[in-house]
Amino acid sequence: MWAIIGIVLKIGVVVGLMQGTVAYLILVERKVAAYAQDRIGPNRAGRHLTLPFGIKINLPFGLLQPIADGAKMVLKEDVVPTYVDKPLYILAPMIAIIAATLGFAVVPFGPVGPGQVMQFQIAPGVDIGIVYVFAIGSLAVYGVVLAGYASNNKYSFLGGLRSSAQLISYEVPLGMSILGMVLLAGSLDLGKIMAWQDQHVWGIVAQPIGFLLFLVSGFAETNRLPFDLPESEQELVGGFHTEYSAMKFGMFFLGEYMHVITVSYLTVILFLGGWDFPGLSVEQTGLLSAILKVLVTAGKVSFMIFLIMWIRWTLPRFRYDQLMDLAWKSLVPLALVNLVATAGIIQLIRG
Amino acid sequence: MATITINGDAYTLPEGEKLNAIQAAKLCGVEIPYYCWHPALSVVANCRMCEIEVGAKDPATGEIKMVPKLVPGCQTLAKDGVVIVTDSAKVQEHQRMIMEYLLLNHPLDCPVCDQAGECGLQDYSYHFGQATHRFVEERTVNPRKDVSDAIQLNQDRCIMCTRCVRFTREITHTGELHVMNRGNHAEIDVFPGVPVDNPLAGNVVDLCPVGALLDKDFLHTQRVWFLSKHESICTRCATGCNVSAEENRGSLWRFKPRHNPHVNDYWICDEGRASYKEANNPALLASMYVKKAGTPEPVAVDQAVAATERGLKDVVARGGAVAGVLSPFLTVEEAYLMARYLKSLSPQAVLALGPVPVSGGDQTFAPDKTTGRTGDTSFVVPRPFTIRGEKCPNRIGVSEVLAHFEGEVIGWESLLARVQKGEFAALYVASDALDPAFDEVAAGAIRPRVGFLVVQDTHATPLAQVADVVLAGATFAEKAGSYVNADRRLQYAEAALPPRDGSLPDLDLFAILLARGAGPVRSREVLAEVAEAIPAFGVARGGVVPPFGVVIATTPREGADAGGAAVGGPAVAESGSRFSDPWTTVWRDHGGRKRI
Amino acid sequence: MNANHPDLKRMTPPKLSLGDRLYVPQVIAGLAVTARHMAGVVFGDSAITVQYPEDQHIPSPNYRGVHRLNKDESGRVKCVACMLCSTACPAHCIDIVGTTAPETELWGDREKYPASFVIDELRCIFCGMCEEACPVEAIELTGLYDLTGLSREQMIFDKTKLLSVFDLTKDAEPMRYGSPPSRPTSSTELVRDSI
């Protein structure tokens, strides 16, 4: 009974935190974009603020911008064009956000495992952890495809088609890129993979090619530049979300950023040692160490998110044929070679 | 047959016409610039712009002997063996020099000058002049003055071509304008108390190749390149002068004469020139009216047409007689469709000619080769210009239509007498408010005797105010169609304006009543039908009217009217080209947009 | 143009080195560029942003903003109603009604002037053709860029308003190729004045 309440509580806290984080990620993204372009970015919302009791504050960096953005999303007119396939049209953004949220269930955002003061994971001890993440994450493609189809709009439909091809293609190298780490750790459980990295070396050292493949495929999976072909504004005027407005559009937005968070967590867990940091080890089970581990993880994730944004504002979009070439002619063969080599080396070392 | 050589190429000139070098070169597609020459005026050769190299070819030896000096083209007879050079360096240098001379004292006020856009100085300055100006002395400044109540003279723009002076002396024989003083002080002026107020005075404005003589009515209102020109016919008298109706933004701004040697030569009278204003009259009917419970109420076009049809059919069904009045302001096509409509309602319908307004007698200006002429008149073909006392454009055309349908032409007076006897249960009057006959007296006489009265008009005349149905028709500017002038010449007029809101062109009204099918009715198609149906109009076969119009056949029934012959002078080809000064051709495109 | 046309130039794509084809070194080089820019903004002051209401952007001297109608020394409108600007205007946003100048002391030397001069600033595309066409340097485009209004009617500038733009800008922007405005004025004030 208490376990269930605990889990529900965790779900609440995590989902709530995620939503809040996503809101601020949009601000961060806008700031990063501005800085990369020699601009300042949003800096007005929050200035000259008068709180109750006449307290005047001056928040820097446009810290209230997310609230303004969110309010805008909610208050805008929700246009449903007459020619859309209504049930699917409404369903699509829901799928996008649900899939993005569900994937987080097995992501450990702190130390997990027996003896820990608390399991920093919504569903701890799921053996197939990483497979679950991929399975759920792949459902997100339905959101995009259905949105494109239901919009009954050529551009949206093209965006949906591109998305299905892209996501399915990049599932393959994405899945294979982590197999090296799975082989090394001998488990699909994300907690155990982190523990292995703590005891040996970080995944990025053990599996540099795997890391690169995972990063690239992860970008593709999140539909972000340089792989944002499904929505490419210039060619497809927004692609699958052309016909969406107000909070339905906002849900796609939320889904995308939650995906970014999930991918960042996975990268950190699989290749950057998760909570691992000099001075922290899997044996420490105290509350302080747990908090430190959560913070370390969060710090690494923050860097990953920043990296993803940084790359977005650096690289131009791939051409569609280059995108498919990259997946099938470069990433998949490379992942196979990496997998075979890893397996061979492990076999050699273990004798 | 004369063969002349222009710039090294031999051309054959048509027989029968005595042409000068400018005219001959124009026929051959070569432009010789000129200012002072005008085909209707004697040659004075004082602008020197048309000077060219002239020589003669010896027919026996083929040897060419050139005149050592430049010779004015306007004075050079284009006879056999003449050699003309218009593009040599000598000629070009001369043209450039003349342009510089003419522009010495000319102010640079093209931005405020109404002539800009159709100005001889502007055009030739671009083509033959130079961009620089070497004159550094003070320019002669002459104040602007009025030569009449309607005409302003900006003397400092004048180039002393004396076209206006010759016009008043040679054409109107009134001689109001003179050249005063000499040399640099020469100016055009009138004697005190003798303004240029003859009935053709406005033509001096058209004659002026620059912006010196200006029409005060048009002064500073429009730029000429905004105006789109429509080939129209003046409806103010039975002469049917060819005019160019110039429109911008849904209003007419002026009438300019178009050359027609058989009708108006190069001129129009001042009364006709001012008649364009009627098309902009704010009092024009802006809606159709149907009388409901004793008061006329504005209704939509289709309701008014339906009310007309219902009313007339009721009358016919009850055995009442129907009469139609066809005003002499209607076009031939309108008269034909109206007659057909009323005859199709009831073959016994009586059709009558509307009142023919007459004001005074004909006033003819008959220039000859000598009176008032001072220069060389050997190229001039004098043609008379007549302002008719019959102030309607199409009495003969409508009469021909009526004669075809009725066998006779019933006049307004006799019809009015029959109306007053109560012979007719329904009366359909199609007119134009230019008819002064439909006054209170006529209304009082007609209304009590007629059960159902339809008035199709452009103004709320006293007769229209008591009518059961008022159909708002088109003014002369809003309708296309043909008119037959007093010399039985059929001429076609284009529409210059779109129909006003709430009105329909008369032709469309009749076409709807006749149920001729959807879509606008084309007057050319109707004219083609008229040409098939009525022998007198057979000359307009296929709805085609030549540029100078065509004389319709004389119907035996109306033998008295035998004015079929072309007026004055030797024959000019029926399809001959129109004369216009080269600078008066402004862009036809609306809004000054260039063609791309 | 056929495939063998002599004017056609055949281009061969540049050969990519191994580093180029591996993407990764080039991606890192690109990241370095953006990183430099980000550092410039965060730690330096390379941001080009103008904090608008507090700081005013100073447009270049040939900036094409709100129109003005210039006045001559006697304070009369310089325009002579030649309508060349409305002829040149590709957006047909200028409407002029010309009339004969009165025979008074003030207007004696003038023949024609605009009784009404209206520019629809909403329809205008600010191409500057009117300024080019004007033979008397009467119409000019100023550096005023913050052109706002609360209704369409407010954005239709008549002669009075266009002349008041001249009064507003004549010090900052002297007629014809003057120095760039030192202290830009706001045309929003102008619109508000007329509400």
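Author: Start with E170(B), which is found in helix α4 of chain B, residues 163-170. Helices are DSSP runs of H or I with at least four residues, strands are runs of E with at least two, and both are numbered from the N terminus. This is a predicted model: local features need pLDDT of at least 70, side-chain atom pairs count only at pLDDT 80 or more, and totals for chains, interfaces and linings use all residues. Residues are numbered from 1 along each chain as its sequence is written, chains are lettered from A and ligands numbered from 1 in the order in which they are written, and side-chain values use heavy atoms, with hydrogens and water left out.

Reader: Is E170(B) buried or exposed?

Author: Buried means under 20% relative accessible area, exposed over 50%, and partly exposed in between (1.4 Å probe, protein chains only). E170(B) has a relative accessible area of 0%, so this residue is buried.

Reader: Which residues is E170(B) in contact with, leaving aside its neighbours within four places in sequence?

Author: Contact means heavy atoms within 4.5 Å. On that basis E170(B) is in contact with A40(B), L41(B), S42(B), P367(B), T371(B), G372(B), R373(B) and T374(B).

Reader: How many residues of α4(B) are buried?

Author: Seven of the eight, so α4(B) is largely enclosed by the rest of the structure. Among the buried ones are R163(B), C164(B), F167(B) and E170(B). Their cover includes β9 (177-180), β10 (187-190), α5 (203-207) and β11 (213-215) of chain B.

Reader: Now strands. Which strands does β3(B) pair with?

Author: Two strands pair if DSSP finds at least two bridges between them. Strand β3 of chain B covers residues 51-57. β3(B) pairs in the antiparallel sense with β4 (residues 64-66) of chain B over three bridges. With β6 (residues 82-85) of chain B, the antiparallel pairing has four bridges. With β5 (residues 71-72) of chain B, again antiparallel, there are two.

Reader: Where do I look for individual partners?

Author: Take G55(B). This glycine stands opposite M66(B) in β4(B) and opposite V83(B) in β6(B). For E51(B), the bridge partner in β5(B) is P72(B). Also look at the turn: β3(B) and β4(B) form a hairpin with six residues between them, and G62(B) there has a positive phi of about 80 degrees. Five of the seven residues of β3(B) are buried, so the strand is largely enclosed by the rest of the structure.

Reader: How do I read a helix pair? At what angle do α3(A) and α10(A) pack?

Author: Axes are lines fitted to C-alpha atoms, for helices over the stretch in contact, and angles run from 0 to 180 degrees between N-to-C directions. Helix α3 (residues 86-102) and helix α10 (residues 246-271) of chain A pack at about 20 degrees, with axes 8 Å apart. That makes α3(A) roughly parallel to α10(A). Angles under 35 degrees count as roughly parallel, over 145 as roughly antiparallel, 65 to 115 as roughly perpendicular and the rest as oblique.

Reader: What about α1(A) and α11(A)?

Author: The axes of α1 (residues 2-36) and α11 (residues 287-312) of chain A come within 10 Å and cross at roughly 45 degrees. They are therefore oblique to each other. The contact is made by L25(A), V28(A), E29(A) and V32(A) of α1(A) with I305(A), F306(A), M309(A), W310(A) and R312(A) of α11(A).

Reader: Which chains share the most contacts?

Author: Chains A and C, of the two pairs in contact. Chains A and B do not touch, and their nearest C-alpha atoms are 31 Å apart.
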